[in-house]
Amino acid sequence: MPLVKAQCTNCGGTLEVDNTKDAAICPYCNTPYIVDQAINKFNVSNANINIQGANINVSGHLDADTMFENWLVTKDERLKNDFLYYYATDPRKEYFTIWTDNGFLNPNIDPDKAEEIINRCLIGPRYASYRDEMLAKISKMRKTKKQDRIILAVIIAVLVALSIAALLGYQIL
Ligand SMILES: [Zn+2]
């Protein structure tokens with residue numbers, strides 16, 4: 001159970017949350033919050049620490065690693081656009097394809113493909129914590145998709161059974 005820092009979306013209290021959960025209740029104000037939103041809120045409030053410690057290269061913009069990491073922390077669309085503009089040939093740009101523009105994991109992405117992109121784009125110790133966090137999210141997504149497929153298969157089986165029963169009922173009458 002990986003605990004990460006988050007901030008209550010209601011009272012602003014600092015929290016440590018299990019990032020594999022979807023929602024939790026704030027111990028300070030007893031208000032339920034969405035885990036992803038609370039992590040995002042914490043990261044955005046603390047993003048300037050990251051940016052202050054960043055390297056600025058000669059042409060006056062952040063180096064690719066820092067810009068990429070700052071985007072990982074903030075999911076700020078402007079940073080993504082800057083990265084794509086200044087580092088158009090950087091292979092990590094593919095990582096953005098598993099996210100929506102407003103900073104959420106694309107729910108329609110194929111988990112195998114996402115896992116492959118994560119392992120290719122988040123290389124090395126600098127990105128290890130993001131990689132672990134993302135791989136945990138993807139494995140959760142895979143489980144949910146599997147459950148959805150099972151539920152769908154059960155619904156179809158029941159419908160088929162009902163159709164056969166109705167058909168047989170007609171023949172008997
Ligand atoms: Zn709270």
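**Strands, helices and nonpolar cores of a predicted chain**

Aspartate 18 is located in strand S2, which spans residues 14-18. Helices (H or I, at least four residues) and strands (E, at least two) are taken as DSSP runs and numbered from the N terminus. The structure is a predicted model, in which local features need pLDDT of at least 70 and side-chain atom pairs count only at pLDDT 80 or more, while totals for chains, interfaces and linings use all residues. Residue numbers start from 1 along each chain as its sequence is written. With 13 other C-beta atoms within 10 Å, aspartate 18 is partly exposed. In this classification, a residue with 20 or more other C-beta atoms within 10 Å of its own is buried, one with 12 or fewer is exposed, and one in between is partly exposed, the C-beta atoms being placed from the backbone. Between aspartate 18 and alanine 6 there are 9.7 Å in space, C-alpha to C-alpha, and the two are 12 residues apart in sequence.

The chain as a whole contains six helices and four strands. Their order from the N terminus is β-β-β-β-α-α-α-α-α-α. Of the 173 residues in the chain, 20% are buried. Two residues are in contact if their C-beta atoms, placed from the backbone, lie within 7 Å. Among contacts between residues at least 6 apart in sequence, 33% join residues at least 24 apart.

The packing of two helices was examined next. Helix H3 (residues 64-74) packs against helix H4 (residues 77-86) at an angle of about 155°, and their axes are 9 Å apart. Axes are lines fitted to C-alpha atoms, for helices over the stretch in contact, and angles run from 0 to 180 degrees between N-to-C directions. H3 is therefore roughly antiparallel to H4, a description applied to angles over 145 degrees, whereas those under 35 count as roughly parallel, those from 65 to 115 as roughly perpendicular and the rest as oblique. At the contact, Met67, Phe68, Asn70, Trp71 and Thr74 of H3 meet Leu79, Lys80, Asp82 and Phe83 of H4. By class, the residues of this contact comprise five nonpolar, two polar and two charged; Ala, Val, Leu, Ile, Met, Phe, Trp, Tyr, Cys and Pro count as nonpolar, Asp, Glu, Lys and Arg as charged, and the others, Gly among them, as polar. The buried residues in H3 include Met67, Phe68 and Leu72.

Lysine 75 lies in the loop between H3 and H4. This lysine has a positive phi of about 55° although it is not a glycine. Lysine 75 is buried, because 20 other C-beta atoms lie within 10 Å. A positive phi, of about 60°, also occurs at asparagine 30, which is not a glycine. Asparagine 30 is placed in the loop between strand S3 (23-25) and strand S4 (32-34). With 9 other C-beta atoms within 10 Å, asparagine 30 is exposed.

In soluble globular proteins, nonpolar side chains tend to be buried together. A nonpolar core is a set of buried Ala, Val, Leu, Ile, Met, Phe, Trp, Tyr and Cys residues joined through C-beta atoms within 7 Å. The largest such core has 10 residues, namely Tyr95, Phe96, Ile98, Ala114, Ile117, Ile118, Cys121, Leu122, Met134 and Ile138. Helix H5 (111-121) and helix H6 (128-172) are the elements that give two or more residues to this core. H5 provides the largest share, four residues. Methionine 134 touches Ile118 and Leu122, when residues up to four places away in sequence are not counted. Another core, of nine residues, lies apart from this one and includes Ala6, Leu15, Val17 and Ile39.
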